[in-house]
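The structure is shown first, and the findings follow by topic.

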Amino acid sequence: MYIAHSLQHPIRQTATPHESQSMTRRLRPITVPSIERLRRRTNAASNSLFGGSGGHTARALKINASLTRPLTISDVNNSANCPKLRVAYQGVPGAHSEAAAGKAYPNCEAVPCEFFETAFEAVEARLVDCAVLPIENSLGGSIHRNYDLLLRHNLHIVGEVQHAVRHCLLALPGVNFEEINRVLSHPQALAQCEHTLTKLFTNKVPVREAVDDTAGAAQYIAINNLRDAAAIASSRAADLYGLNILASDIQDDQDNVTRFLMLAREPIIPRSGKPFKTSIVFSLEEGPGVLFKALAVFAMRDINLTKIESRPSKKKPLRICDDGNGRSKYFDYLFYVDFEASMADSNSSNALNHLKEFATFLRVLGSYPMDVNQP
């Protein structure tokens with residue numbers, strides 16, 4: 001049995017309205033403040049920097065001149081030697097996304113965001129330098145929300161990082177398996193540990209309660225001193241929130257890997273001679289063999305496709321066509337494709353120029369170095 005809750009107030013179904021409001025007040029996830037409030041704060045700091053009041057705010061404002069030019073391969077690969085970057089991720093401290101941000105940008109300042117969209121907006125508003133967000137998992141598949149946000153926002157993919165996900169079962173100190181009646185975590189984490197949970201709880205079946213974030217589940221249990229609940233989260237979340245690890249590596253499949261995208265305001269300069277990946281999105285007219293023709297522009301040039309994802313068009317979900325037998329309605333789709341090649345290679349440019357001949361829309365989301373390291 002699954003019960004879905006919001007991360008901000010994952011409450012029991014039996015909670016009264018008064019209890020629900022109280023829990024909401026007690027649990028405030030650590031997030032980037034609202035975009036508008038941070039814009040006002042940044043503008044105030046800028047005014048004081050150039051002669052306005054509040055000089056102490058001006059001294060705290062740091063301007064990174066490197067952000068005014070396109071990022072290069074050197075910027076991405078040697079970020080540890082640059083001034084500390086502010087990198088947005090979704091979740092609260094202890095989330096797997098925080099670990100991925102640290103892997104992508106060593107020694108960065110990881111900035112937690114409440115929602116995926118908050119991270120996109122924080123980068124666009126120059127409140128952070130870049131973002132690291134999940135796009136697909138080897139067990140759970142694609143994160144569709146982030147595919148939609150890639151199209152809605154004007155950020156560029158500048159890299160990727162693969163992170164091995166290791167789940168732990170966490171509870172308050174002194175709590176044992178017999179006391180646990182419910183397990184809280186992100187829906188994908190619950191699904192990824194389903195068989196192991198069944199083996200761990202041999203005498204009963206605890207209720208699975210879905211929340212927005214794995215580390216948020218651990219934080220909620222700690223803040224509310226819940227002795228009848230356990231969380232599926234990382235070992236770092238246990239350290240941060242003072243929980244005990246009842247079981248480690250409880251994911252059903254040990255090859256549990258999430259691929260994260262590194263997003264920035266400016267694209268990197270693509271190069272040839274190194275393993276590169278390019279991500280695009282396009283749409284096509286309705287008709288027999290049209291998708292085949294689109295994919296053939298890569299096959300005839302020996303360009304390997306590593307991912308293809310279709311998403312309904314938000315602006316035009318239905319297309320009405322006259323096929324000779326009357327008017328027919330079709331779903332209108334966008335196609336997201338990753339292929340192994342750099343935009344610096346003429347082969348890639350020729351393929352996209354060929355695709356433009358019959359695509360109704362085409363956008364390059366990024367051309368970036370592949371993550372060839374072990375997760």
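The largest cavity holds about 50 Å³ of space. The model is a predicted one, in which local features require pLDDT of at least 70 and side-chain atom pairs pLDDT 80 or more, while totals for chains, interfaces and linings use all residues. Residues are numbered from 1 along each chain as its sequence is written, and side-chain values use heavy atoms, with hydrogens and water left out.

**Cavities**

- On a 1 Å grid over the protein atoms alone, a cavity is a set of points where a 1.4 Å probe fits but cannot get out, and lining residues have an atom within 4 Å of a point.
- Grid points are joined across faces, edges and corners, and a volume is the space filled by probe spheres set on the points.
- Two cavities of 30 Å³ or more are counted by this rule.
- The lining of the largest cavity consists of Ile135, Tyr147, Leu150, Ile157, Arg259, Leu261, Ser279, Tyr336, Asp338, Leu365 and Tyr368.
- At least two lining residues of the largest cavity come from each of helix H7 (144–152), S12, strand S17 (333–339) and strand S18 (359–369); helices (H or I, at least four residues) and strands (E, at least two) are DSSP runs, numbered from the N terminus.
- Eight nonpolar, one polar and two charged residues make up the lining of the largest cavity, where Ala, Val, Leu, Ile, Met, Phe, Trp, Tyr, Cys and Pro count as nonpolar, Asp, Glu, Lys and Arg as charged, and the others, Gly among them, as polar.
- The second largest cavity, with a volume of about 40 Å³, is lined by Phe120, Leu133, Pro134, Ile135, Asn146, Leu150, Leu261 and Leu263.
- S4, H7 and S12 are the elements that give two or more residues to the lining of the second largest cavity, and S4 gives the most, with three.
- The lining of the second largest cavity has seven nonpolar residues, one polar residue and no charged residues.

**Second largest pocket**

- A pocket is an open set of points with protein on both sides within 12 Å along at least five of seven lines.
- The second largest pocket has a volume of about 530 Å³, and among its 22 lining residues Gln90, Phe116, Pro134, His186 and Asp212 are the closest to its centre.
- Helix H5 (96–104), strand S4 (130–137), helix H8 (187–192) and strand S12 (257–264) each contribute at least two residues to the lining of this pocket, with H8 giving the most, at three residues.
- By class, the lining of the second largest pocket comprises eight nonpolar, ten polar and four charged residues.

**Strand S6 and its partner**

- Strand S6 (residues 156–164) is largely enclosed by the rest of the structure, because seven of its nine residues are buried (buried means under 20% relative accessible area, exposed over 50%, partly exposed in between, with a 1.4 Å probe and protein chains only).
- S6 pairs with S12 in the antiparallel sense over eight bridges; strands pair if DSSP finds at least two bridges between them.
- Alanine 164 has valine 257 of S12 as its bridge partner.

**Aromatic rings**

- Four aromatic pairs are counted, the rule being ring centres of Phe, Tyr and Trp (its six-membered ring) within 6.5 Å, with planes under 30 degrees apart counted as stacked, over 60 as edge-to-face and the rest as tilted.
- Phenylalanine 177 and phenylalanine 201 form an edge-to-face pair, with 5.3 Å centre to centre and 70° between the planes.
- Phenylalanine 177 is partly exposed at 23% relative accessibility, whereas phenylalanine 201 is buried at 5%.
- Phenylalanine 298 and phenylalanine 339 form a tilted pair, since their ring centres are 5.1 Å apart and their planes are at 40°.
- Phenylalanine 298 lies in helix H12 (residues 290–299) and phenylalanine 339 in strand S17, so this pair ties together parts that are 41 residues apart in sequence.
- Phenylalanine 298 is buried, with a relative accessible area of 0%, and phenylalanine 339 is buried, also with 0%.
- Lysine 293 lies over the face of phenylalanine 358, at 5.0 Å from the ring centre (NZ of Lys or CZ of Arg within 6 Å of the ring centre and within 35 degrees of the ring normal).

**Backbone**

- Most residues other than glycine have a negative phi.
- Arginine 126, not a glycine, has a positive phi of about 60°; this residue is in the loop between helix H6 (116–124) and S4 and is exposed, at 51% relative accessible area.
- Aspartate 249, not a glycine, has a positive phi of about 50°; this residue is in the loop between strand S11 (244–247) and S12 and is partly exposed, at 39%.
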